[in-house]
Amino acid sequence: MKPSAFTILTVLAAVVAQASAAENYKVERKLTVSSADAAWHVAGDFCDIDDWLPAIETCRLRVIDGGLHRVLTLADGAEFVEKRIAEEPGISYTYTIESSPLPLEKYVATMAITRGAEPTLTWSGSFSSDDPSMEDVIGGIYDAGLASIGAMLGK
């Protein structure tokens with residue numbers, strides 16, 4: 001029995017759709033610090049990111065639909081709008097990207113400090129993208145931010 005043209009097209013469409021579906025990624029970077037309090041003082045405020053992430057020129061806080069957002073502007077004028085969705089004061093905050101020039105979907109990230117014998121600042125995120133290079137781009141952003149925080153803390 002020969003497959004119909006409709007069957008062949010249906011199978012081909014399914015294969016193409018599957019091949020172009022967004023991939024899910026998880027990225028995590030850590031910085032061991034000497035003082036959890038000092039590290040959180042630098043990184044723990046939702047809108048102080050422009051002090052330690054080199055690419056960010058300005059951060060402005062806005063309340064949109066009852067949620068706290070930060071509007072990040074890069075040197076070239078590109079903007080990211082991020083919404084804080086959870087916070088544990090002195091421990092962590094979690095946010096989503098609401099809009100950005102990057103080809104990302106479902107981006108959720110957390111900045112957190114772990115206290116104890118080896119205090120650690122962790123920046124982790126998950127997202128979907130059709131562009132596999134986004135995993136390296138996000139990892140590079142996290143690396144640059146944590147390196148800058150480390151330099152500010154004298155590491």
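This is a predicted model: local features need pLDDT of at least 70, side-chain atom pairs count only at pLDDT 80 or more; totals for chains, interfaces and linings use all residues.
Helices and strands are taken here as DSSP runs numbered from the N terminus, with at least four residues required for a helix and at least two for a strand.

Of the 155 residues in the protein, 37% are buried.

Within the run of strands, S4 (79–88) and S5 pair in the antiparallel sense, and seven bridges are found between them. In this pairing Arg84 stands opposite Tyr95 in S5. The hairpin of S4 and S5 has three residues between the strands, and Gly90 takes a positive phi near 80 degrees there. On the other pairing of S5, with S6, the sense is again antiparallel and the number of bridges is five. Tyr95 has Ala109 as its bridge partner in S6, while the bridge partner of Thr96 in S6 is Val108. Tyr95 is therefore placed opposite Arg84 and is also bridged to Ala109, as strands are counted as paired if DSSP finds at least two bridges between them. The hairpin formed by S5 and S6 has five residues between the two strands.The series continues with S6 (residues 105–114) and strand S7 (residues 120–129), which pair in the antiparallel sense over eight bridges. Glu105 stands opposite Ser128 in S7. S6 and S7 form a hairpin with five residues between them, and in its turn Gly116 has a positive phi of about 135 degrees.

Six of the eight residues of S5 are buried, so the strand is largely enclosed by the rest of the structure. Thr94 itself has a relative accessible area of 15% and is buried, the cut-off for that class being under 20%. When residues up to four places away in sequence are not counted, Thr94 touches Lys83, Arg84, Ile85 and Ala86, together with Val108, Ala109 and Thr110.

Most residues other than glycine have a negative phi. Asp65, however, has a positive phi of about 50 degrees and is found in the loop between S2 and strand S3 (67–74), where it is exposed with a relative accessible area of 81%. Lys106 has a positive phi of about 55 degrees, although it is likewise not a glycine; this residue belongs to strand S6 and is exposed, with a relative accessible area of 65%.

A search of the whole structure finds one disulfide, which joins Cys47 to Cys59 with an S to S distance of 1.9 Å. The torsion about the S-S bond of these cysteines is about -120 degrees, so the disulfide is left-handed. Cys47 lies in the loop between helix H2 (36–43) and helix H3 (49–52), whereas Cys59 lies in strand S2 (residues 56–64), so the pair ties together parts that are 12 residues apart in sequence. Both Cys47 and Cys59 are buried.

The largest pocket holds about 220 Å³ of space. Its lining comprises 17 residues, of which Leu53, Ile56, Phe80, Glu82 and Ile141 are the closest to the centre of the pocket. Two or more lining residues are given by each of S3, S4, S5 and helix H4 (134–152), and the largest share, four residues, comes from H4. By residue class the lining divides into 16 nonpolar residues, no polar ones and one charged residue.

Methods. Residues are numbered from 1 along each chain as its sequence is written. Side-chain values use heavy atoms; hydrogens and water are left out. A disulfide is a pair of cysteine sulfur atoms within 2.5 Å. Buried means under 20% relative accessible area, exposed over 50%, partly exposed in between (1.4 Å probe, protein chains only). Contact means heavy atoms within 4.5 Å. On a 1 Å grid over the protein atoms alone, a cavity is a set of points where a 1.4 Å probe fits but cannot get out, and a pocket is an open set with protein on both sides within 12 Å along at least five of seven lines; lining residues have an atom within 4 Å of a point. Grid points are joined across faces, edges and corners, and a volume is the space filled by probe spheres set on the points. Ala, Val, Leu, Ile, Met, Phe, Trp, Tyr, Cys and Pro count as nonpolar, Asp, Glu, Lys and Arg as charged, and the others, Gly among them, as polar.
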